Amino acid sequence: MSQGDGGLPSHRRIFSLAWPIILANCTVPLLGLADTAVIGRSGDARALAAIALGALIFNFIYWGCGFLRMGTTGLSAQAAGEGNEAELRATLMRALIIGAAIGIIGVASQHWIIQFSLGLLSADEGAEAIAAQYIAIRIWGAPASLATFAIMGAFIGLARSDLLLKVQLLLNGLNIVLDVLFAGFLGWGVQGIALGTALAEWTALLLALFLAVRLFQQRGEDGLVLFEWPRIFRRHALLRSFSVNRDIFLRTLLMLFGFGWFTNEAAQFGNVTLGANHVLLQFITFSAYLLDGYANATEPLIGNAVGARNVRLFDLAVRRSMTLAGATALVLAMLIYGLGPSGILLLTDIEAVRELARTFLPYSAAYVLLAFGAFQLDGIFIGATQTRDMRNASVISLGAFLLASWLLTPRWGNHGLWLAMIIYVVARAAALMIYFPRLRARVRE
């Protein structure tokens, strides 16, 4: 590994790990932007609201299963740092099996998922009916998408962000092309968006599997050794994996509840407010994926530091990644504030949605500026697999958000809701900092 300072990571090394992830992540919000633009320019606020609802539900499903990526990253990085190739392969196989199983269960339970999830939301009946069609089609891509999460986690844990980039470019590039073709040119609307996404997810899984097998072969192992079943089902490793994944799942579920609360509260103000907030969330999502690149790049460095008991590597990885992420957040916030009005015009031609989105644009810029601390601390705790602390911090920050929403929204409406959202992202970082000194102390243990 090319490093500076006597074998410790330089800013350049961190950026070299981060930029492929950043580039790969950029394609994810570009997909959201494309979907919003295709539907938003149809002039139908109800269809735009349906996309917002459908995207929210799949965010709950996929982000809720984010432990398949995050848990695999931390465990893979630590196994690699220890030089334990057998456990590294077993870690990936455990995650693959779990991901595929959850996806199959999701397909089999799609009717219940649709009824339950839409029943929790407060939206126009017409928008909910269109969202139900979207979910029923897109759910067929879930087994492939969740299995791909596990492989992505291994790629990040092994600091092979170049492989992640290849898969992500194929997934989202093909997705955008199919969405524009099906929804735009063929006029299939929201159903076309869902079909294009599902097809792209299965195509990406095939590429990810091919690259994973080749990667382990390059590491000097036969790809068939991935199926070393006795090691995969070792009791101690299973319990550790279960503990890590459980905590990440609960942490993510709490965080998604917070975002779901934000969207549901906006829905109660009507389709125009829901659509405007959804447009602004595209800017936040785009920025979040950029910032997440630094967090992802930090995860293998932190994992290696924990495995090697190297506190100096840990400290430099933390400080230098924070510096890069903070500078990037400042630039992104300035771009959103300055260029946001033009971006709104590109995303929708519904004048009522445009006007309202411009009113609340400064809140999205402020959110991005203050978010980098929470993102970086997430990456640090994931790399160290200190997931219980992440779970506990999520409880604290969600409580702060709900309290702020309860106090501010009735008085100031959507302005109060956005202020509560900003308080939430600051509280996420503050809560994790409570546990940071203990995490650092554990590096030496």
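The questions and answers below go from the whole chain to single residues.

Modeller: Before we start, please note that this is a predicted model, in which local features need pLDDT of at least 70 and side-chain atom pairs count only at pLDDT 80 or more, while totals for chains, interfaces and linings use all residues. Residues are numbered from 1 along each chain as its sequence is written, and side-chain values use heavy atoms, with hydrogens and water left out.

Colleague: How many helices and how many strands does the protein chain have?

Modeller: Helices and strands are taken here as DSSP runs, numbered from the N terminus, where a helix (H or I) needs at least four residues and a strand (E) at least two. Counted in that way, the protein chain has zero strands, and its helices number 15.

Colleague: What does the radius of gyration say about how compact the protein chain is?

Modeller: The radius of gyration is taken over C-alpha atoms, and the globule rule used for comparison is 2.2 Å times the number of residues to the power 0.38. For 445 residues that rule gives 22 Å, and the protein chain comes close to it, so the chain is as compact as a globular protein of that length, with a radius of gyration of 21 Å. Along its principal axes, the C-alpha trace spans about 60 × 40 × 35 Å.

Colleague: What share of the residues is buried?

Modeller: A residue counts as buried under 20% relative accessible area, as exposed over 50%, and as partly exposed in between, using a 1.4 Å probe and protein chains only. Of the 445 residues in the protein chain, the buried share is 59%.

Colleague: Among contacts with a separation of 6 or more, what share joins residues 24 or more positions apart?

Modeller: A contact here means heavy atoms within 4.5 Å. Among the contacts of the protein chain with a separation of 6 or more, the share from residues 24 or more positions apart is 84%.

Colleague: How many salt bridges does the structure hold?

Modeller: Side chains of opposite charge can pair when their charged atoms come close. The criterion for a salt bridge is a side-chain nitrogen of Lys or Arg within 4 Å of a carboxyl oxygen of Asp or Glu. By that criterion, the salt bridges in the structure number eleven.

Colleague: Which parts of the protein chain does the salt bridge between Arg 251 and Asp 378 tie together?

Modeller: In this salt bridge the closest N and O atoms of Arg 251 and Asp 378 are 2.6 Å apart. Arg 251 counts as buried at 5% relative accessibility, and Asp 378 likewise counts as buried, at 11%. Because Arg 251 and Asp 378 sit in separate helices, the pair ties together parts that are 127 residues apart in sequence, namely helix H11 (residues 235-267) and helix H14 (residues 351-383).

Colleague: What value does phi take in Thr 385?

Modeller: Thr 385 lies in the loop between H14 and H15, and at 13% relative accessibility Thr 385 counts as buried. Phi of this residue is positive, in a residue other than glycine, and lies near 50°.
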